[in-house]
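Subject: Structure handover

Hello,

Here is the structure you are taking over.

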Amino acid sequence: MTDDGIAQGSAPGPVPPVVQRARWEAAVHAGATTLADGAMGTMLFASGLQFGDPPEIWNLTQPDVIRRIHRGYLDAGSRVLLTNTFGGNRLRLSLHGNESRVAELNQMAALILRAEVDAAGGGALVAGDIGPSGSIMMPIGTLDFGEAVDVFAEQAAALVAGGVDLIWIETMSDLEEIHAAVSGVRQVAPSIPLITTMTFDTRGHTMMGVTPERAVHALAAWGADAIGGNCGNGPDELIPVVAKMRAVEPDVVLVGKSNAGMPELVDMKAVYRAAPEAMAAYAIDIREAGASIIGACCGSTPLHLAAMGRALGTSA
Ligand SMILES: [Zn+2]
């Protein structure tokens, strides 16, 4: 893939809402299992990103590395891939003085993934990734709901401008904050398909004490198209979370994106040790629990996703 790739695919720019919706329906039709992608951060660190550096800058400075990571997951069979924009909101970017670059960084990330997906053919979906604001909501923290909505709306608008098919809000712990994110997305893209996943890493609850049942009810009521869990302490904690969601919401599309096992701290870094075979077994188990969009999070690589795709029968 060269720079020409962006021009060779469909013309860069927003995907029309009816096309976004049609692609979504085709991917998640009844009975279908869809393989999502794996870790971005893990792959970036393996490519030389230093801890503390903002990964979103690499969309501009190292676009070939980002492309190669996306291509690895496409080749592994992933059919929903996330842009490199987890921390691409102005509050997190402000930690490095990049708060004025939200539009540029998110739009470029979307263009990069759009170009890779189009070049690969096969109709994978480009998901605009939105992670937490990095600030704590009032009254415990200082972030007010209206400002949070603005922050997420700004990021979502840039992702849509860059040509995403859907938005994926992930790794949230606070129901108020994910509500603000859903509202922000809906402000700028009222009908875009929306996946929402929270992190249930505290005895099956989020860090802020949200249960799977409460999360799935609230997010369904707010109009999310798919709901689930990502990151956290590995499959053993995430599989019951999905099962609990399924028990109270029989019809919603459920999502599981587990870390590659329980993180272990080695030299002050989190290390994940689950082998591809273990993640393949997880993929089967979480589908049985009710998930139909299945991927992996921290510690996973294209090798894990390929094994999962083979186990699920989603690989070509
Ligand atoms: Zn993770």
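A note on naming before the rest: helices and strands here are DSSP runs, of at least four residues for helices (H or I) and at least two for strands (E), numbered from the N terminus. The model is a predicted one.

The sheet

The model has an open sheet of eight strands, paired in parallel and ordered β1-β10-β7-β6-β5-β4-β3-β2. β1 (34-35) and β2 (80-82) are the edge strands; each has a single partner, so one side of each has no neighbour in the sheet.

At the β2 end, three bridges join β2 to β3 in the parallel sense, and V80 is placed opposite L125 of β3. Helix α7 (residues 102-120) lies across β2 and β3, at about 160° to β3. Helix α8 also packs on the sheet, where it touches β3 and β4 (166-172), and its direction makes about 155° with that of β3.

Strand β7

β7 (residues 253-258) is largely enclosed by the rest of the structure, because six of its six residues are buried. A residue counts as buried if 20 or more other C-beta atoms lie within 10 Å of its own. In a regular strand, side chains alternate between the two faces of the sheet. In β7, V253, V255 and K257 are buried on one side, and L254, G256 and S258 are buried on the other.

β7 has parallel partners in β6 (residues 226-231), through six bridges, and in β10 (residues 291-296), through five bridges. β6, helix α11 (residues 235-248) and β7 together form a right-handed β-α-β unit.

Backbone exceptions

Most residues other than glycine have a negative phi, and most peptide bonds are trans.

- The M138 to P139 peptide bond is cis, with omega near 5°; P139 is in the loop between β3 (125-130) and α8 (145-161).
- R203 is not a glycine, but its phi is positive, near 50°. The loop that holds R203 runs between β5 (194-198) and α10 (212-221). R203 is exposed, as 8 other C-beta atoms lie within 10 Å.
- M268, also not a glycine, has a positive phi of about 65°. M268 sits in the loop between β8 (264-266) and β9 (269-271), and it counts as exposed because it has 6 C-beta neighbours inside 10 Å.

Regards

Notes: Residues numbered from 1 in each chain as written. Predicted model: local features only at pLDDT ≥ 70, side-chain atom pairs only at ≥ 80, totals over all residues. Buried ≥ 20, exposed ≤ 12 C-beta atoms within 10 Å, placed from the backbone. Pairing = 2+ DSSP bridges. Contact = placed C-beta atoms within 7 Å. Axes fitted to C-alpha atoms, helices over the stretch in contact; angles between N-to-C directions. Right-handed = clockwise from strand over helix to strand, strands pointing away.
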